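Have the viewer open while you read.

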Amino acid sequence: LVGIAAFDRDFMNTLWNPAMEALSGQKADKVVGKNAYDLLPGFLDTPEGRAAGRALQGESTVVRDIAYAMQQTGEMGSVEVYMVPMRDTAGEIVGGIAVVHDITELKRAEQTLKESEERYRKLFDSSPQGIVISKVATREFKYVNPAFCRLFGYGPDMVAGTLILLV
């Protein structure tokens, strides 16, 4: 879901696409023509507000991982916002454009991957069997578990990066 909004130099909303409606829960006819200050008191004190101000100064910025409550479910979601200046045909800055990417599913996938990696790491580290992860092409130890170290009397820092001489 990619929301697009535009605003003029006075932070008056001039565009609010259907994806922005879905992300914000606010219909375009209630937002376009309204000042960001009226819709979001304290707007300039938020990371997005500061990015909008920088867009009006000619700077493109990204605000990453902004939490929001999804309008449909009330669950928490995440977006990242790209703010860029909007210029007229003479090159003068006349406003800004916000491109809002819903990254909720990406964040969930990252969390699932992190949890999976933690489970794998616990299994690897707690196994009573010696386990080696190596890079076949270079015959190099990448990781060894504590059981391997106990079995051969080496510390993990002594083994990682060394060559496997016996196969």
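## The opening hairpin

In this predicted model, strand E1 (residues 2-8) pairs with strand E2 (residues 13-16) in the antiparallel sense, over 3 bridges. If you want a landmark in the pairing, look at Ala5, which stands opposite Trp16 in E2. The two strands make a hairpin with 4 residues between them.

Phe11 lies in the loop between E1 and E2. Its phi is positive, about 65°, although Phe11 is not a glycine. That's worth a second look because most residues other than glycine have a negative phi.

Is Phe11 buried or exposed? The cut-off for buried is under 20% relative accessible area, and Phe11 has 9% relative accessibility, so it counts as buried. Leaving aside residues up to four places away in sequence, Phe11 touches Lys34, Asn35, Ala36, Tyr37, Phe43, Leu44, Ala52, Gly53 and Leu56.

## The largest core, and another one

Phe11 also turns up in the largest nonpolar core, which has 23 residues. Along with Val79, Val81 and Met83, Phe11 touches the most other members. Who supplies this core? At least two residues each come from E1, helix H1 (18-24), helix H2 (28-31), H4, E3, E4 and E5. H4 gives the largest share, 4 residues. Apart from this core lies another, of 5 residues, including Phe141, Val144, Phe148 and Cys149.

As background, nonpolar side chains tend to be buried together in soluble globular proteins.

## Helix H4

Helix H4 covers residues 47-56, and its buried residues are Gly49, Ala51, Ala52, Gly53, Ala55 and Leu56. What do these buried residues pack against? The partners are E1, strand E3 (61-69), strand E4 (76-87) and strand E5 (93-102). Just after H4 comes Gly58, with a positive phi of about 100°.

## Another positive phi

Asp65 is found in strand E3. Like Phe11, Asp65 has a positive phi without being a glycine, here about 55°. Phe11 counts as buried, whereas Asp65 is partly exposed, with a relative accessible area of 40%.

## A patch on the surface

Now for the outside: Leu151, Phe152, Tyr154 and Met158 form a nonpolar patch on the surface. Together they have about 470 Å² of accessible area. Met158, one of the four, lies in helix H7 (residues 156-159).

Technical notes: Residues numbered from 1 in each chain as written. Predicted model: local features only at pLDDT ≥ 70, side-chain atom pairs only at ≥ 80, totals over all residues. Heavy atoms only, no water. Pairing = 2+ DSSP bridges. Patch = residues over 30% accessible without salt bridge, like charges linked within 9 Å, V, L, I, M, F, W, Y side chains within 5 Å. Areas by Shrake-Rupley, 256 points an atom, 1.4 Å probe, with all protein chains shown as cover. Salt bridge = Lys/Arg side-chain N within 4 Å of Asp/Glu carboxyl O. Buried < 20%, exposed > 50% of the residue type's maximum accessible area, 1.4 Å probe, protein only. Contact = heavy atoms within 4.5 Å. Core = buried A, V, L, I, M, F, W, Y, C linked by side-chain atoms within 4.5 Å.
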